[in-house]
Amino acid sequence: MPGTTTTPPLGAAQRADVVVVGAGPAGSSAAWWLAQAGREVVVLEKATFPREKVCGDGLTPRGVKALEDMGVDTSPAAGWVRHKGLRVHGGGETIEVDWPKLHRWPDYSLVRPRRELDAMLAGRAEAAGARVRTGTTVTGPLLDEAGRVAGVRTEAGPASEPGQVLAPLVVSAEGVSGRLAKALGLLRREDRPLGIAVRRYVRSPRTHDDYLDISFDLAPEGPTAAAMPGYGWIFGMGDGTANVGFGLLDTRRSDGGDHREVLRRWLATFPTEEHLGEVDATSPLRGAGLPMALHRQPAYTRGLLLAGDAAGTVNPFNGEGISYAMESGRMAAETAADALARPEGPARESVLRRYPERLRAAYGRHHRLGVGFLALLARPDVVRFATAHGLKRPALVNIALRLMGNLSDGRDGDGVDRAISVLTRLAPAV
């Protein structure tokens, strides 16, 4: 388990090549890739494992690919539950659509509770050589005389003395709070969508299912203003439970309703034998924010790189965050390793300043399309019409799945992929 080694606690002048703050998917991915590059990296995580995180627990084929790139065994024998695709409900219609068969991406998704996933990824980073310290709160950045980040200040428990870890580069994978970014004046852009997700686990026969359930019909009358732009989910966990939740993808368009109540009312529409109600709950109802559309910019400044939710990498189309957290963690690590191979000064800084553009190139145009999609999804009448007619056409659903999930082979793919590639290139980056 990460953080349980006998290494002495952090002292007043620990040193590393890079400090990674946060041991979620972004931070552990960054740490693993940095360790693979031969860099000395310290990971500081305020919680101890296992810990709960509000999440749907689902990894799309993008997330599967990120795991496989890290050498993770994603087989059922290793504890993973696989799904073939999505079962989508909307406008009174239901369709099952498999994940696309592409060259660049696997054709299946995975689920695993975050309390297991995060501990596993942190352990993998530690096994690669990263020094993972749990129960350690980062209270702020250390700045040199020029105002550049030179490390972080820490507290490792209520009875411990404040300490510090010195490093020429820091990766913030702190999540939506972004304490380090705020300390350097990087605030969340209010014009970018911020979603919210609420979820709980229930003991249900839905635990074994080949498909992930997604529903836009969250009330008997279909989509409502309180639930748009958003959707409900039921993800079978394969262990006797299901993860059930509701995600409102843009709180700016909300009518101010109670998101928990939306979930409760939707689950109340199911027959009691589905065991999806509050009496079947095995966990409290919890909520969390979904920072989207590269909402905090620039993603690099004065020795600090942002990754995952700290940079707002959540996909506006569907609220997917784990995949992009791991991908951006890798990009931050590769940028840091490349920069540290250069002499300190302009050459190193030139490499670091290209990191925000790398994120924009990877996600900016897709996120712009997603923001436009949210404007349409905010209209219940449009959603009702689109789902009632579109779900009758499997080919259209397949195209939508590729676009929304950011899954294609690009210009090397079929006609659908090439069309998506053109559409994405025409969109301005966020």
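## Nonpolar cores

A nonpolar core is a set of buried Ala, Val, Leu, Ile, Met, Phe, Trp, Tyr and Cys residues joined through side-chain atoms within 4.5 Å, where buried means under 20% relative accessible area (1.4 Å probe, protein chains only). This is a predicted model, in which local features need pLDDT of at least 70 and side-chain atom pairs count only at pLDDT 80 or more, while totals for chains, interfaces and linings use all residues. Residues are numbered from 1 along each chain as its sequence is written, and side-chain values use heavy atoms, with hydrogens and water left out.

The largest nonpolar core has 71 residues, and V152 and Y355 are those with the most contacts inside it. Helix α6 (residues 322-340) gives this core its largest share, 11 residues; helices (H or I, at least four residues) and strands (E, at least two) are DSSP runs, numbered from the N terminus. Another core, of 53 residues, lies apart from it and includes L102, L212, F216 and F246.

## Surroundings of Y355

Leaving aside neighbours within four places in sequence, Y355 is in contact (heavy atoms within 4.5 Å) with residues including Y300, L305, M331 and T335.

## The open sheet

An open sheet of mixed pairing is formed by 7 strands in the order β7-β6-β15-β16-β17-β14-β18, two strands being paired if DSSP finds at least two bridges between them. Because β7 (93-98) and β18 (286-291) stand at the edges with a single partner strand each, one side of each is left without a neighbour in the sheet.

Strand β6 (residues 85-90) pairs with β7 in the antiparallel sense over 6 bridges, and L86 stands opposite V97 in β7.

Conventions. Buried means under 20% relative accessible area, exposed over 50%, partly exposed in between (1.4 Å probe, protein chains only).
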